[in-house]
Structures are given as structure tokens and as C-alpha cells.
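Okay everyone, let's get going.

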Amino acid sequence: MAIDQLRFGRTGHMSTRTVFGAAALSTVTQAEADQTLDLLLEYGVNHIDTAASYGESELRIGLWMKRGYRDQFFLATKTGERTYAKAKEEFLRSLDRLQVDSVDLIQLHYLVGEEEWEVAMGPGGVLEYLMEARDQGLVKYIGVTGHDVAIVKMHRKSLDHYDFDSVLLPYNYLMMQNPVYAAGFNEVLRLAKERDVAVQTIKSVTRRPYQSDARSHATWYEPLTDQASIDKAVHWVLGQPGIFLNTLGDIYVLPKVLDAASRFESRPSDDVMQAMVAEWEMEPLFV
């Protein structure tokens with residue numbers, strides 16, 4: 001059942017190619033969180049990715065970590081703040097909630113807008129604080145994340161400005177049919193390989209945006225839910241060498257994603273993926 005591992009860029013950490021996306025713990029009970037985190041141990045998942053804005057996620061992880069699991073995981077969180085002072089306050093709060101003295105990776109969360117990018121990267125911005133936190137031993141590495149089609153352009157800008165240790169962005173079959181996004185993603189991937197930057201991907205099992213206000217899952221998009229389709233979607237992502245798949249924000253679909261990842265052998269063909277797109281009336285989440 002173990003999931004393959006891959007060197008997480010220049011950090012040198014051998015992370016499972018499937019990283020636990022802890023947004024799944026945003027609104028669950030501690031008992032549900034414990035059960036979910038215990039499942040990671042069964043599959044050998046050794047990398048957790050959370051954020052200050054993921055509801056109760058940091059609290060749930062912190063309480064579970066007290067059972068003696070901290071040393072078994074590469075632990076990452078994120079700050080959505082853009083200024084030095086607010087980022088410092090939020091990050092120290094994250095450490096307290098996680099009940100740890102330090103984390104392995106802190107990420108600038110969802111840095112897509114041009115104006116907030118200027119604030120974050122400028123004097124008195126969040127990057128200035130995170131470099132200080134690294135010097136203080138509160139974190140080892142610094143990354144940047146984002147969603148939307150525009151993120152490929154912004155990640156290139158961020159990598160030109162600062163030598164980030166990791167990036168995170170969407171990646172799935174349907175999104176890569178957008179030629180603009182595909183070209184941008186491939187350029188980010190090229191730069192990352194050249195500079196030994198870890199590349200994390202999200203939205204692997206997206207079916208489409210919700211068609212109404214009704215929500216069937218904790219994810220903010222409608223996910224694929226049957227095992228066969230999840231297998232195809234997950235295997236397609238893992239078929240791209242050198243990248244990581246961050247799992248979705250629903251604890252009930254998560255076991256199927258982990259199961260699929262544990263059985264990865266090869267990438268499905270375009271014909272297979274196109275048939276799945278038609279069968280499930282899939283639509284791009286970002287356009």
C-alpha cells in the first residue's frame with residue numbers, strides 16, 4: 001500500500017508523491033481528524049500541507065502530533081498575510097496551533113494578484129518576515145502557492161524575484177488542454193527542474209464547478225468520486241515525472257485518492273482521458 005517517494009526539491013526530503021492536503025480537516029471533529037491522519041500512516045504518507053486559513057486544520061493536526069508523530073512528517077503550512085507584521089502574527093499563531101517549535105515549510109498562500117504581490121515582496125512585506133523566521137530557526141524552507149490560470153505567470157515572476165524552495169499550482173488533464181495554461185505550467189516546471197524547486201499540484205480529481213448552490217462534498221468544486229475515474233485522474237497526474245499530488249479537501253474521497261496513488265504504474269492515454277471527460281461531463285475549474 002505504500003506510495004512512491006520523490007525528493008522534495010533542494011530540501012532533500014524524500015516525500016511521498018502524494019502529499020496530504022490538510023484543508024480536508026477544516027471542519028471535521030478531532031475524532032474524524034485522528035482517523036484520517038492515522039490513514040496516512042497506513043499508506044506511508046509522510047508530508048502534510050496545511051494553512052492558517054484552513055479552519056480548524058492546524059488545531060486538529062497539533063493534537064494528533066502530540067501522540068509522537070512529528071518526526072515522521074515533513075510539515076508545511078501557509079500564510080495569506082502580505083505584510084511583515086501580520087504575517088509574523090499569523091505564523092506564530094500557526095506554530096502555537098500546531099503545537100510545534102518549527103515547521104519545515106512556510107508558503108505565501110494564493111499569491112496571484114499583482115498589487116498584493118508587490119506588497120508581499122516589497123519592504124515590510126511577508127517575504128521579509130519569512131526570511132527572518134528562517135534565520136531564527138522557526139522554518140527551514142519558503143514556498144509560494146496559487147490557483148487560477150494566471151498563477152503560471154505569477155509563479156514565473158515570483159521565481160525571478162526570489163529563490164523559492166517550492167511552488168504549488170493546479171494540474172489535471174482538463175486544465176492542461178488549455179494551451180495558454182499548459183505552456184505556462186511547462187515553463188514553471190522547466191524552471192523548477194533547473195533550480196531544484198519542488199513542484200506541488202492541486203485539483204487532480206476535479207470533475208467540474210458545482211452546478212448549483214448545493215454541495216455534495218467539502219471541496220469547493222465537484223470532485224470525481226468513483227474509484228475507476230479517480231484512478232485515471234490520479235495516475236494521469238503522477239504520470240508527469242518530478243511533481244507531487246496534493247490530495248483534496250474531503251476526508252471521504254481521500255481514501256480513494258490514496259488507494260489510487262498506491263497502485264500507480266503508468267499514465268492513461270489521451271483517448272482514455274477524453275472518454276472520461278465525456279462520460280462525466282467534466283468542465284475546467286479555472287478558465
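Let's start with Thr16, which counts as buried because its relative accessibility is 0%; buried means under 20% relative accessible area, exposed is over 50%, and partly exposed is in between, with a 1.4 Å probe and protein chains only. Thr16 sits in strand E2, residues 14-16. A word on those labels: helices (H or I, at least four residues) and strands (E, at least two) are DSSP runs, numbered from the N terminus.

Before I go on, two housekeeping sentences. This is a predicted model, where local features need pLDDT of at least 70 and side-chain atom pairs count only at pLDDT 80 or more, while totals for chains, interfaces and linings use all residues. Residues are numbered from 1 along each chain as its sequence is written, and side-chain values use heavy atoms, with hydrogens and water left out.

Back to Thr16. What is Thr16 in contact with, leaving aside its neighbours within four places in sequence? Ile3, Asp4, Gln5, Gly44, Val45, Asn46, His47 and Phe244, where contact means heavy atoms within 4.5 Å. Thr16 and Phe74 are 58 residues apart along the chain, and their C-alpha atoms are separated by 9.9 Å.

Now find Asp49 in strand E4, residues 47-49. Asp49 has a relative accessible area of 3%, so we call it buried. Its side chain is joined to that of Gln107 by a polar contact of 2.8 Å. By polar contact I mean a pair of N or O atoms within 3.5 Å; within protein, one must be able to donate a hydrogen and the other to accept it, and residues adjacent in sequence count only if both atoms are side-chain atoms. Not counting residues up to four places away in sequence, Asp49 touches a list that includes Ala23, Tyr54, Lys78, Gln200 and Asn246.

Strand E4 turns up again with helix H2, residues 57-65. Seven of the nine residues of H2 are buried, so the helix is largely enclosed by the rest of the structure. Those buried ones are Ser57, Glu58, Arg60, Ile61, Gly62, Trp64 and Met65. And what covers them? The cover includes helix H1 (30-43), E4, strand E5 (74-79) and helix H3 (84-98).

Compare that picture with helix H6, residues 151-161, where Ile151, Val152, Met154, His155, Ser158 and Leu159 are buried. Looking down the axis of H6, these residues fall within an arc of 160°, so they line one face of the helix; the arc is that of the directions from the helix axis to the C-beta atoms. They pack against helix H4 (114-121), E7, strand E8 (166-170) and helix H7 (179-195).

Val139 counts as buried because its relative accessibility is 2%.

Next, some backbone angles. Most residues other than glycine have a negative phi. Asp196, though, has a positive phi, near 60°. Asp196 lies in the loop between H7 and strand E9 (198-202), and at 26% relative accessibility it counts as partly exposed. Lys203 also has a positive phi, near 70°. You'll find Lys203 in the loop between E9 and strand E10 (206-208), and at 10% relative accessibility it is buried.

Arg207 is buried, with a relative accessible area of 13%, and its side chain makes a polar contact of 2.6 Å with the side chain of Glu222.

The largest pocket has a volume of about 510 Å³. Of the 29 residues lining it, the closest to its centre are Ala23, Ala24, Trp220, Leu248 and Gly249. There is also one cavity of 30 Å³ or more, and the largest cavity holds about 50 Å³ of space. Among the residues lining that cavity are Asn172, Tyr173, Leu224 and Met282. How are the two told apart? On a 1 Å grid over the protein atoms alone, a cavity is a set of points where a 1.4 Å probe fits but cannot get out, and a pocket is an open set with protein on both sides within 12 Å along at least five of seven lines; lining residues have an atom within 4 Å of a point. Grid points are joined across faces, edges and corners, and a volume is the space filled by probe spheres set on the points.
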